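Colleague: I would like to learn how to read the pockets and the sheet in this model. Could you take me through them?

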Amino acid sequence: MSGFIPNFPHDGVITVNRVILKPEYSLDDLQERVAMLCENVKTYHSDTGFVGGFVCVNSGQVSNEGSSIGQAVESPLAGKEALIVTFWNSFEEHEASHRSDSFQPLFQEVLELCENGNEEIAYEMMWSGKAYSEEEARAAREAKEKYQAA
């Protein structure tokens, strides 16, 4: 099931870049440079393998309900760490996009901001899905209660 990114193939590839900003740069700097980079990818690679993506920033909140590494109350990387996540038809198409002449200068400008250098990890999709509607959720709970004992 693929409801998170429309038209993302079941065997698609997800790439994740983790950016930790150098102290002299701000989130505004990152947002400006990543916007230029993302616009380039959408313009030049939407018909050569790019399916979609998103950028998210560390909010500082730590889930004590979902974490097993202690009871931290906030992340020290709040407002300083971001993830750039992109969705591709194939890893080969992703790699070709990075070799393009228009991409590389913009990519280097983003890397200038990074305290941690860059390591882009590629992942294969195992599962994705969007939440049920209210009606679907109710039906799913009723079915589960009805058939769980069986």
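Modeller: On a 1 Å grid over the protein atoms alone, a pocket is an open set of points where a 1.4 Å probe fits, with protein on both sides within 12 Å along at least five of seven lines, and lining residues have an atom within 4 Å of a point. Grid points are joined across faces, edges and corners, and a volume is the space filled by probe spheres set on the points. This is a predicted model, where local features need pLDDT of at least 70 and side-chain atom pairs pLDDT 80 or more, while totals for chains, interfaces and linings use all residues. Residues are numbered from 1 along each chain as its sequence is written, and side-chain values use heavy atoms, leaving out hydrogens and water.

Colleague: What volume does the second largest pocket have, and which residues line it?

Modeller: Its volume is about 170 Å³. The lining includes Leu 27, Leu 30, Val 55 and Ala 82. Helices (H or I, at least four residues) and strands (E, at least two) are DSSP runs, numbered from the N terminus. H1 and E2 are the elements that give two or more residues to this lining, and H1 gives the most, with 5 residues.

Colleague: How do the residues of the lining of the largest pocket divide by class?

Modeller: Ala, Val, Leu, Ile, Met, Phe, Trp, Tyr, Cys and Pro count as nonpolar, Asp, Glu, Lys and Arg as charged, and the others, Gly among them, as polar. The largest pocket, of about 290 Å³, has 16 nonpolar, 8 polar and 2 charged lining residues. Leu 37, Cys 38, Val 41, Ile 84 and Thr 86 lie nearest its centre.

Colleague: What is the strand order in the sheet?

Modeller: Two strands pair if DSSP finds at least two bridges between them. Here 4 strands form an open sheet in the order E2-E3-E1-E4, with antiparallel pairing. Strand E2 (50-57) and strand E4 (120-124) are at the edges with a single partner strand each, so one side of each is left without a neighbour in the sheet. Between E1 (residues 13-20) and E4 there are 5 bridges, and Thr 15 stands opposite Ala 122 in E4.

Colleague: Which strands does helix H1 touch?

Modeller: Contact means heavy atoms within 4.5 Å. Angles run from 0 to 180 degrees between N-to-C directions, with axes fitted to C-alpha atoms, for helices over the stretch in contact. Helix H1 (residues 27-45) packs on the sheet and touches E1, E2 and strand E3 (81-88), its direction making about 175 degrees with that of E2.
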